[in-house]
Amino acid sequence: MSLEEVRNYINSVRRDFASKPLSKSDLNENPMEQFATWMEEAVNAQILDPYAMCLSTVNVDGHPSSRIVYWRDVSEDGFVLYTNYNSRKGVEIAANPNVALNFHWTELDRQIRIEGKIKKVPTEMSDTYWASRPRESRIGAWASAQSHIIPNSSQLQESITELQEKYKDEEIPRPKHWGGYVVIPERLEFWQGRPSRLHDRFVYIKNGDDWTLAQLSP
Ligand SMILES: Cc1cc2nc3c(=O)[nH]c(=O)nc-3n(C[C@H](O)[C@H](O)[C@H](O)COP(=O)(O)O)c2cc1C
């Protein structure tokens, strides 16, 4: 398709949402429990990668950037992900801990929007997860200076071959620049798509140790 054909296509399609309504009485007082319920429903609906989430960070100049990462664990009632601390996201997080997450499950007409602060997980937690990763992924974490410009793929491949040789008979240690972050939520919105764009939206906002729950206009 040319860009013009793409434009015509996206102008011509319109999908209405037909899912069941969501009301306040359906929702758990605790947003993480509510999240667990929706995740279970996403898993049961056999959505591919329901734990893939969009992570948005903001750089030192206030410019945002987004990418998909996998949600891997729960810690301190927050969302844990693993990555390279020297990557673009890592540099942005070091400058500004305010981040947003978004889970979108098309098949269920649902999204969950999360905002909060991010911090590194304890090194022991990163070590445990590192140990569970396949050997090839561990080699990859050493070989890739994630987000940095490279001349070509062969240089990366050479570096992988060298590392495979280096660690041939050894355990591969976790690089200091690779590990986990946890996003501690301060605001979570559960969004259910509904007919005629009259969607159901409920937001939990942290208030001290408690959460307030409110409905938002679609
Ligand atoms: C489904 C999916 C899952 C991903 N999971 C991760 C992940 O868990 N950690 C990670 O560092 N990158 C992951 N990526 C790659 C990121 O989207 C991104 O390319 C990478 O982290 C570099 O981002 P940055 O340059 O903004 O730091 C994933 C990509 C996709 C499409």
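Guide: What follows is a short talk about the ligand and the salt bridges. Keep in mind that this is a predicted model.

Visitor: Which residues surround the ligand?

Guide: They are Arg67, Ile68, Val69, Tyr70, Tyr82, Thr83, Ser87, Arg88, Lys89, Gln146 and Ser147. By kind, this shell divides into 4 nonpolar, 4 polar and 3 charged residues.

Visitor: Which elements each supply at least two residues of that shell?

Guide: β2 (64-70), β4 (78-84) and α3 (88-95) do. β2 gives the most, with 4 residues.

Visitor: Why is the pair of glutamate 115 and arginine 187 called a salt bridge?

Guide: Side chains of opposite charge can pair when their charged atoms come close. The rule asks for nitrogen and carboxyl oxygen within 4 Å. Here the N to O value is 3.9 Å, so the pair passes. Glutamate 115 sits in strand β6 (residues 110-120) and arginine 187 in strand β7 (residues 178-192), 72 residues apart.

Visitor: Why is glutamate 115 called partly exposed?

Guide: Buried means under 20%, and exposed means over 50%. Glutamate 115 has a relative accessible area of 31%, so it falls in between. Arginine 187, at 28%, is partly exposed too.

Visitor: What about glutamate 171 and arginine 138: is each buried or exposed?

Guide: Glutamate 171 has 63%, which is over 50%, so it is exposed. Arginine 138 has 10%, which is under 20%, so it is buried. Their side chains meet in a salt bridge at 3.5 Å, N to O. Glutamate 171 lies in the loop between α6 (153-166) and β7, and arginine 138 in helix α5 (residues 135-143), so the pair ties together parts 33 residues apart in sequence.

Visitor: How many salt bridges does the rule give?

Guide: The count comes to 13. Among them is arginine 194 with aspartate 200, at 3.4 Å, N to O. Both of these residues are buried. Salt bridges that share partners also join Arg113, Glu189 and Arg201 into one network.

Technical notes:
Residues numbered from 1 in each chain as written. Predicted model: local features only at pLDDT ≥ 70, side-chain atom pairs only at ≥ 80, totals over all residues. Heavy atoms only, no water. Near = heavy atom within 4 Å. Nonpolar A, V, L, I, M, F, W, Y, C, P; charged D, E, K, R; others polar. Buried < 20%, exposed > 50% of the residue type's maximum accessible area, 1.4 Å probe, protein only.
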